[in-house]
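Q: Hi! I'm new to this one and would like a quick tour. Could you show me the structure, please?
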Amino acid sequence: MSKKKLTGFYLIVAGLIIVVASYSLTHGQLAISASDLWAVIGGSGSRAQRLLVLDFRLPRIILAVLAGGALGMSGTILQSVTRNPLADTGILGINAGAGFTVLLFISFVETTTATVFLLPFVALIGALAAAGGIVLIAFDKRKGLTPVRMILTGVVLSTGISAMTILLTTKLDSENYRFVTMWQAGSIWGSNWSFVVAMIPWLLICFLAAMSRHRIYDILQLGDETAVSVGVNVGRERLLSLVLAVVAAAAAISVTGGIGFLGLISPHIVRGLGIKKHMNLLPASLLTGGLLLLLSDTLGRLLLPTGEIPAGVIVAIIGAPYFLYLLLKNDQ
């Protein structure tokens, strides 16, 4: 893709994020006008309007973009280092592992401003445990980590973790049970500024680390033999990149719950537009993931007259058919 088209893509996606965010800020059960929104942005507006926009809706919007971006970037890394177009943290059971440990933590530890900053670490423990389980079970001495074995192992592992989660819910009171079900469906629950502050460093570090390795990801696409011939330690780079993808996904899951398919869809959309090099593929997938999750969360919040549909449900409605399409396409 030419630089002109690439710049146009970035501008369009950024513009769409601004449009969807503006619509989300002004619409809901308590709607405000565009002029009221500008008044709040300008530092005026009523106290109720400032509370609604600045304390409730804006941090949720930012979290949706950050978490969606992290999942989109994570999926890009996984698909690149495994050369598996179906790789995604949700399908592989990594999301389920991270979600289970966070739910376990929340169920027994009161959520305060201090404990909010522990959630990414707690999610990381579960995500790494799930990733380690996949590597141990799916690894073949002759063939290594094959795409089919990884997917089958991830599905089985995710099912087992889901069963453990259900068992956990039987021990919860009604309030925590409702929270757990919303979590499993993928609801952006941590919608305050503390979660935004906790999320930003993780995403920034993962993004910078991934961008510093973009040339390695390009080389890995040429095959292991070619990568080794130019001096790349394939085993080490693949392991480090898998850890990086897991860390990015865990940070997102700690504030969004079980959102699947987003890491699968985002890179494919970007590649379908002709963006192949990882120097551009990584940030483009990040922006696309952020837009998709923001759009899903906004639709889920506004489609019903009362209540809301979790963003993860909206993403799954789009992602599940797309996953089946890719699965059939790669079987041919």
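**A short tour**

Q: Where does S24 lie?
A: S24 lies in helix α1, residues 3-26; helices here are DSSP runs of H or I with at least four residues, numbered from the N terminus. This is a predicted model, where local features need pLDDT of at least 70, side-chain atom pairs count only at pLDDT 80 or more, and totals for chains, interfaces and linings use all residues. Residues are numbered from 1 along each chain as its sequence is written, and side-chain values use heavy atoms, leaving out hydrogens and water.

Q: Is S24 buried or exposed?
A: Buried, with a relative accessible area of 3%. Buried means under 20%, exposed over 50%, and partly exposed in between (1.4 Å probe, protein chains only).

Q: What is S24 in contact with?
A: Setting aside neighbours within four places in sequence, S24 is in contact with R57, I61, T298 and R301. Contact means heavy atoms within 4.5 Å.

Q: New topic: how far apart are the end C-alpha atoms of α14?
A: They are 35 Å apart, which agrees with the 36 Å that its 25 residues (278-302) should span at 1.5 Å a residue. The expected span is 1.5 Å times one less than the number of residues.

Q: How many residues of α14 are buried?
A: 18 of its 25, so the helix is mostly covered.

Q: And how many aromatic pairs are there?
A: Two, counting Phe, Tyr and Trp rings (six-membered ring for Trp) with centres within 6.5 Å; planes under 30 degrees apart are stacked, over 60 edge-to-face, the rest tilted. One of the pairs is F121 with W202, edge-to-face at 5.0 Å centre to centre and 75 degrees between the planes.

Q: Which helices does that pair link?
A: F121 is in α6 (residues 119-138) and W202 in α9 (residues 193-211), 81 residues apart. F121 is partly exposed at 47% relative accessible area, while W202 is buried at 17%.

Key: Helices (H or I, at least four residues) and strands (E, at least two) are DSSP runs, numbered from the N terminus.
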